[in-house]
Amino acid sequence: MESADTCSLSIINERNETMLAIESLSVGQYGFIGNAFSFGLAVMASTTLFLWLMKSQVAPAYQMAITISGLVTAIAAYHYLQIMLSWDNAATVNTGQVLVTGEGFNRAYRYVDWLLTVPLLLIELILVMKLSNSETLSRSVKLGGAAALMIVLGYPGEVAESAGTRAIFWVLSMIPFLYIVRELVVGLKESISKQPDAVKGLIKGAAYLVIASWAFYPVVYLLPLLGISGGAAIVAVETGYTIADIVAKAVFGLLIFTIAMRKSVADAEEAAKQPKAAKQTI
């Protein structure tokens, strides 16, 4: 006879294998997720166009941050197109049922996207702060590297068929995540205090927006392990990730643009005061 522990593990594994099965979706749920992907694509593409077309409106010192912001949303738009196409190819609706085609839904697109965009999100925040070259390089490498490690550690759990494996890699990926949170809250505190008064609050808000939006990902990641299974689990995971992406990339990119605009104005006002100060000295 099987032991109680073996039976329990077997039940958990069986539930985990089916908790993200597309065939468990209703027709309405399947269409809802497809519409969410389409909305994500539209938001990312339109944000990219706005950022790149408006880049010339900020001072040259901040144009690289805007370029990277647009690059982040451009990469995301491309992957949302691929995600949407993969979703359409993975299943078909017939006689009121969602039937799988056998091609499978490629969840790796999200992780390829995050591996590219998540480090860039932190780098664009560092660039718009206009720190010294050495501090910019140091913080970009540390934060960007930690972000990449977080994504790499999360992927094995995302595609695992075992609930235990998913939980283990969730814990591992949270280690670099907590390091990033510490750096954004504590590590950048002194650098933020040196920013112009017009943008101190915005930069602090941008740092907290990163934390809040990124904190949503591990919560969504855990949903299948909290008793949410079948169609409800797929809707929660896929729409949850999409909402988090929109906030973390598009909304964050627009906030970076606002910061760059205000810093450009502040720099121009500071430059205008210098000749007057020089004349008074003479």
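## Exercises on a predicted model

In this predicted model, strands β1 (residues 91-94) and β2 (residues 97-100) run antiparallel and are joined by 4 bridges.

**Exercise 1.** Take a look at that hairpin: find which residue of β2 stands opposite Ala91, and which residue takes a positive phi.

*Solution.* Start with Ala91: facing it in β2 is Val100. Next, go to the turn, where 2 residues lie between the strands. There, Thr95 has a positive phi near 50 degrees.

**Exercise 2.** Work out how the rings of Phe37 and Phe105 are arranged, and which parts of the chain they link.

*Solution.* The model has 11 aromatic pairs. For this one, the ring centres are 6.1 Å apart and the planes are at 20 degrees. Planes under 30 degrees apart count as stacked, so Phe37 and Phe105 are a stacked pair. Now place them: Phe37 is in helix α2 (residues 27-54), while Phe105 is in the loop between β2 and α4 (108-128), 68 residues apart. Finally, check accessibility: Phe37 is buried at 0%, and Phe105 is buried too, with 12%.

**Exercise 3.** Now classify the pair of Trp87 and Phe105, and say where Trp87 lies.

*Solution.* Here the centres are 5.0 Å apart, with 85 degrees between the planes, which makes the pair edge-to-face. Trp87 lies in helix α3 (residues 60-90), so its pairing with Phe105 ties together parts 18 residues apart in sequence. Both Trp87 and Phe105 are buried.

**Exercise 4.** Find the ring that the charged end of Arg166 sits over.

*Solution.* Go to Tyr221: the charged end of Arg166 is 4.6 Å from the centre of its ring.

Methods:
Residues numbered from 1 in each chain as written. Predicted model: local features only at pLDDT ≥ 70, side-chain atom pairs only at ≥ 80, totals over all residues. Heavy atoms only, no water. Pairing = 2+ DSSP bridges. Phe/Tyr/Trp six-rings, centres within 6.5 Å; stacked < 30°, edge-to-face > 60°. Buried < 20%, exposed > 50% of the residue type's maximum accessible area, 1.4 Å probe, protein only. Lys NZ or Arg CZ within 6 Å of the ring centre and 35° of its normal.
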